[in-house]
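Here is a friendly tour of a two-chain model, written for someone who likes to check geometry alongside the text. Keep the viewer open and follow along.

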Amino acid sequence: MGLVKVIPSVCGHDCGGSCPLNVYVEDGRIIKIESHDVGLPELRPCARGLQYHYRVYAPDRLKYPMKRIGERGEGKFARVSWDEALGEVAEQITCIRDAYGPAAILNHTGSGYFGRLHYSGILARFLNLIGGQTLRWGGASYQGGYFASLATYGAIFTGNDRSDLLNSKMIILWGSNPAESIFGTETRWYLTQAKEKGTKIICVDPRYTESAAAWSSRWIPIRPGTDAAMLVSMAYIILEQGSQSQDFLDTYTVGFDKFRDYVTGAADGVAKTPDWAEKITGVPAKTIATLAQEYAAAKPAAIITGWAPGRSSRGEQYHRATATLSAMTGNIGIHGGSTACLDLTMSASPLVGAEVPENYVALYSDLPQLTNPVEKGQPLHEYTVNGIRNHTIDKVHFTKVWDAILRGKTGGYFSDIKMLYIIGGNGLNQCCNTNKAVKALEKLEFMVVHDHFMTPTAKFADILLPACTWCERNGIHFPWFFGHYLIYAGKAIEPLYESKSDFDILNQLASKMGLCFSDKTEAEWLRLFAAKYGVTDYEAFKADGFYKLKMPEPHVGFKKQIEDPTRNPFPTPSGKIELFSQRIADFNRPDELPSVPKYIEGWEGPTDPKREQYPLQLITVHPLLRIHSQHDNVPWFRERQPREAWINPADATARNIKDRDRIMVSNDRGAISILAKVTERIIPGTVSVFQGAWYDPDPSGLDRGGCANVLTLDEHSPGGAFCSNAALVQVEKI
Amino acid sequence: MQIGFYYDQSRCIGCDVCSSACRSWNELTPEMPDIIELVSRENGVFPEVSLTHLFLTCFHCAEPSCIPACPDRLLVKRAEDGIVVIPNPEKCTACQLCVEACPYNAPRMVDGGKVGMVKCDMCLARLDEGKAPACVASCPVEALDAGPMEELIAKYGEFMELEGFADYRQTRPSIIFRARDSGRGLDTRIF
């Protein structure tokens, strides 16, 4: 037995957490991983990080650069040298850029991993260097909330620290399931502490989740996509009993009268009573009224807004409505309250609060993205909402990537996409409408992928480059969101096989093209970033692997704005919280994007005529033991995270389906084969599939893998939300 | 002295961290079984449902039924701390008699019973360094604790019974509980 070294490290996927770990290395091999005891029990990891080495050493790790030799998507590859692989990529990029312009190259990177230097999104910098790229707009996770937050508050980092939940008298987990989705490493800890303090916790969700079981005293099941209706009728009750914080509304908000007229029915003749909402949501009117009364009386109270309800065809309305309830109850800017809406806290940064990042990359990485020559001088997109979303016309919405490839300029898109470049992304699997994605990828001239594994997306690559994991390089990590700490993740082992970091690959590729991707080394960047976040003793930070930023008290979003509104206006045009948004009104699509939050039914909702054929509402939820599609190939996680669809006994019995039966979930976009979990833990009329299982079609096209996105529609909400929870399906036994 | 566990069922969020941490620390290769199993049970009818977890591993019983069951007497209860260990696992013939004897299904057969047995040893090496067992040190909500039974009892009380948990009088397992408040209908056939 050799000497065992213990390297402080991290688990930093896009899972909702960023957790300090210790990696044990013997003879150059990781033998075990433990929770790094930094003296803070709230920063313990989840099951995935603790067995990360089984992912690192998985037999199917990509070992060498490879070149496609079969049909695209067939998965047949031949090993090539790095020199040949990078030479081919450099040549193809040059050819495609020169023949069609840089907008023919679409950056379809995923959120494979986060680090301040090493981050899958650094591809944007590289493609800007070579002349530009087509970028996407719309975050798959949260765009409904992002839009709503900018419209309402003028900012996205509006949330309170999780530790502040200890000051709440009541917490509503709305479509939020941090027991499984983590959502801030600290969240599980503080919800547990709050519950034990006697804080009342309520869970509104179509499923009785682990979070509902762990923390809530009451589960309120709701039909997916109808959350805004319930919130609006809660506002009705608060108004009816006159318990709104009128002083707060008068001082800090604009447009409450317009919202009130909608709620009371003065505007449209329909009073948004709990009886009205019951018919839509399936939640008993009495339950809605009681919750509204309790919430209004429980100040301070926090609504923890999950992002899942926002991933529906009118998802931004849900986020706007939660913000409005928070304002009506005066819970904004105070300890124990919440702004709701997007409910996000910028981690670690000394710039918490009303800050809007220039772009997504700046949110996740400190390596400058540079500017995209393609968007220079371009007019604004048709989906522009001035000051909230100012995308230029060249950008493609995340859900429309497949359509853009298939239809190009003749379909109204800015460019004809000829090439996809992907780092740490499994878009075929993780973006809506997988079968359409297959057709789109087949049409490309060239596709390059950096990954750890032969994912369903990687199979379509022309050149496939093996990337290393964070165990094989040095990095600095933020919390995912929430919390104020930095982690130094030391290189535990040399890159396995011929793998390299994405940073190194891009450096070498740039040199091949006569360009300089980075004028600093990994070590130089990391030292610079650490200093930026206030680390004074860099060597100690490296040795400890952990740095806690001191916070005098839990951060409260908009505390300054509430304490002294004259000196500290909200970063909106009116300087106030915009319950009515003139910027949205100017967008002039009132039926789909109203200027005050409303319940509006979008496509594939409760009364869609398609229901005759596809009567069940599909939701695609986050699994406990996968991170999106990551870990699906690691046996322990795969066995314990069964590929199953939840269905209520009422729906199962009607279809002669028993627990553990193999079923087909289908609609006009495709069909998946999956095991049925017949359970009382889901509201009737709804089917839930854990997203992230790997697409594996049989010759007839039936997906044996159980990939949820075979069933989702590649359409976005008017605010830009991914609508992965808005799809209608039928289920049958097979 | 007897080292034992505390399990707070009301805190447990069913996240499998205990089991994963155990696998990692004990270097269990993929073909090895879990030493810790978190068993979950759904109860009730929509919308009045509940979900209960139970932490199952070796509880280092005061009167272990596995020790007399082993024909080769491979299992040993340590005098100094009461931890039940298998010092020479390579001698295990995988007869499975210990598995049958244990009310908690704690000894786990490797590779379907062809190779031998694994079970919890309270992470002895960690205890020697003054660290808690890997499961305890990793639980994100501190639903687990380990230590001398008299200390655990002083800290958490003396609840030895949990609905659905095998009668503690059989083997006197070294575990105390805090029950989930609802505590409804755990199926005894499962646990």
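Strand β22 (residues 644–647) of chain A runs antiparallel to β25(A), and three bridges join the two. Across this pairing, A:A645 stands opposite A:V689 in β25(A). Please keep in mind that the model is predicted.

These two strands belong to a barrel: six strands of chain A close in the order β21-β25-β22-β24-β23-β26, with mixed pairing. From one strand to the next, the twist averages 45 degrees. In general, strands of a sheet pair through backbone hydrogen bonds, either parallel or antiparallel.

On its other listed pairing, β25(A) meets β21(A) in the parallel sense, over five bridges. There the bridge partner of A:T620 is A:V689 in β25(A).

The pairings described here can be set side by side:

| Strands | Sense | Bridges |
|---|---|---|
| β22(A) and β25(A) | antiparallel | three bridges |
| β21(A) and β25(A) | parallel | five bridges |
| β1(B) and β8(B) | antiparallel | five bridges |

How many residues of β25 (residues 686–690) of chain A are buried? Five of its five are, and the strand is mostly covered. In a regular strand the side chains alternate between the two faces of the sheet. In β25(A) both faces are covered: A:T686, A:S688 and A:F690 are buried on one side, and A:V687 and A:V689 on the other.

## Elsewhere in chain A

Chain A is divided into domain 1 (66–129 + 362–469 + 494–519), domain 2 (148–176 + 223–348 + 558–587) and domain 3 (609–733). The centres of domain 1 and domain 2 of chain A, taken over C-alpha atoms, are separated by 38 Å. Four residues from domain 1 of chain A and seven residues from domain 2 of chain A make up the contact. On the domain 1 side, the residues divide into two nonpolar, two polar and no charged.

Helix α7 (residues 187–197) of chain A is mostly covered, with eight of its eleven residues buried. The buried residues of α7(A) are A:T187, A:R188, A:W189, A:Y190, A:L191, A:T192, A:A194 and A:K195. Among the elements that cover them are β8 (170–174), α6 (178–181), β9 (200–204) and α8 (210–215) of chain A. Just after α7(A), A:G198 takes a positive phi of about 100 degrees.

Leaving aside residues up to four places away in sequence, A:G49 touches A:C11, A:C19, A:L21 and A:I33. A:G49 and A:A155 are 106 residues apart in sequence and, C-alpha to C-alpha, 32 Å apart in space.

## Chain B

Chain B has seven helices and nine strands. Its radius of gyration is 16 Å, close to the 16 Å that the globule rule gives for 191 residues, so chain B is as compact as a globular protein of that length. The C-alpha trace of chain B spans about 50 × 35 × 30 Å along its principal axes. Of the 191 residues of chain B, 45% count as buried. Among contacts in chain B with a separation of 6 or more, 61% come from residues 24 or more positions apart.

Three strands of chain B form an open sheet in the order β8-β1-β9, with mixed pairing. Its edge strands are β8 (144–148) and β9 (175–178) of chain B, each pairing on one side only. The twist averages 20 degrees from one strand to the next. Strand β1 (residues 3–8) of chain B runs antiparallel to β8(B), joined by five bridges, and B:Y7 stands opposite B:L144 in β8(B). Helix α6 (residues 149–156) of chain B packs on this sheet, touching β1, β8 and β9 of chain B, and its direction makes about 130 degrees with that of β8(B).

## Where the chains meet

Finally, 28 residues of chain B are in contact with 33 residues of chain A. On the chain B side, the elements giving two or more residues are α1 (17–25), β2 (37–45), β3 (48–56) and α5 (134–138) of chain B. Which of these gives the most? That is α1(B), with six residues. By class, the side of chain B that touches chain A has 16 nonpolar, six polar and six charged residues.

Key
Residues are numbered from 1 along each chain as its sequence is written. Chains are lettered from A and ligands numbered from 1 in the order in which they are written. This is a predicted model: local features need pLDDT of at least 70, side-chain atom pairs count only at pLDDT 80 or more; totals for chains, interfaces and linings use all residues. Two residues are in contact if their C-beta atoms, placed from the backbone, lie within 7 Å. Helices (H or I, at least four residues) and strands (E, at least two) are DSSP runs, numbered from the N terminus. Ala, Val, Leu, Ile, Met, Phe, Trp, Tyr, Cys and Pro count as nonpolar, Asp, Glu, Lys and Arg as charged, and the others, Gly among them, as polar. Two strands pair if DSSP finds at least two bridges between them. Axes are lines fitted to C-alpha atoms, for helices over the stretch in contact, and angles run from 0 to 180 degrees between N-to-C directions. Domain bounds come from an automatic or database domain assignment. The radius of gyration is taken over C-alpha atoms; the globule rule is 2.2 Å times the number of residues to the power 0.38. A residue is buried if 20 or more other C-beta atoms lie within 10 Å of its own, exposed if 12 or fewer, and partly exposed in between; C-beta atoms are placed from the backbone.
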